[in-house]
Amino acid sequence: EERGMREADWDRYLMGASASSDAREGPGAGAAPPETPEEKEAAKKLRKRMLNAPKRIGRLEGLIDEAETKIGRIDSDMFEFGSDVGKLTDLQKEKDALEATVAGHMEEWEELEELLMAHSG
């Protein structure tokens, strides 16, 4: 059976909050050491990366789609120039570079997704 909130519940809540904040502010009572400038900078960069992650993920999706379209064209060209070894070599180098780019974008996308999942909720 559930009951509604009472005035005494709020008093207990507020007293608990002030007691815990007093304990945190007390000298040496488990207070966290002050952050170094490097820690502050790292936290600032992490916060910025988290805020920009959704926009960056959208941009990465576009870049990946674009590169995969180019890879598809290269595959078609390779089929067309099947007997020209020199042209095939050039196309393969271009395809390899694009595949490496896609792999890098996918890796960054996964890192951003993990970052968002780790810091959500």
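Which residue forms a salt bridge with Asp-75, and how far apart are the closest N and O atoms? The legends below describe close-up views of a predicted model.

**View 1. Asp-75 and Lys-95 form a salt bridge.** The partner of Asp-75 is Lys-95, and the closest N and O atoms of the two are 2.7 Å apart. Asp-75 belongs to helix 2 and Lys-95 to helix 3, so this pair ties together parts of the chain that lie 20 residues apart in sequence. Asp-75 is partly exposed, at 34% relative accessibility.

**View 2. Lys-95 is a buried residue of helix 3.** Why does Lys-95 count as buried? Its relative accessible area is 15%, and buried means under 20%. Leaving aside residues up to four places away in sequence, Lys-95 touches Ile-71, Ile-74, Asp-75 and Met-78. One of these, Asp-75, is also the salt-bridge partner of Lys-95.

**View 3. Glu-108 and Arg-56 meet in a salt bridge.** The distance from N to O between these two side chains is 2.9 Å. The pair links distant parts of the chain, with Glu-108 in helix 3 and Arg-56 in helix 2, 52 residues apart. Glu-108 is partly exposed, with a relative accessible area of 22%. Arg-56 is partly exposed too, and its relative accessible area is 29%.

**View 4. Arg-49 and Glu-111 meet in a salt bridge.** Their side chains are 3.5 Å apart, N to O. Arg-49 lies in helix 2, which covers residues 37–80, and Glu-111 lies in helix 3, so the pair ties together parts that are 62 residues apart in sequence. Are Arg-49 and Glu-111 buried, partly exposed or exposed? Arg-49 is partly exposed, with a relative accessible area of 36%. Glu-111 is partly exposed as well, and its relative accessible area is 36%. The structure holds four salt bridges, including the Arg-49 and Glu-111 pair shown here.

**View 5. His-105 is a buried residue of helix 3.** This helix runs over residues 85–118. His-105 has a relative accessible area of 16%, so it falls under the 20% limit for a buried residue. Which residues does His-105 touch, not counting those up to four places away in sequence? They are Leu-60, Leu-63 and Ile-64.

How values were computed:
Residues numbered from 1 in each chain as written. Predicted model: local features only at pLDDT ≥ 70, side-chain atom pairs only at ≥ 80, totals over all residues. Heavy atoms only, no water. Helix = DSSP H or I, 4+ residues; strand = E, 2+ residues; numbered from the N terminus. Buried < 20%, exposed > 50% of the residue type's maximum accessible area, 1.4 Å probe, protein only. Contact = heavy atoms within 4.5 Å.
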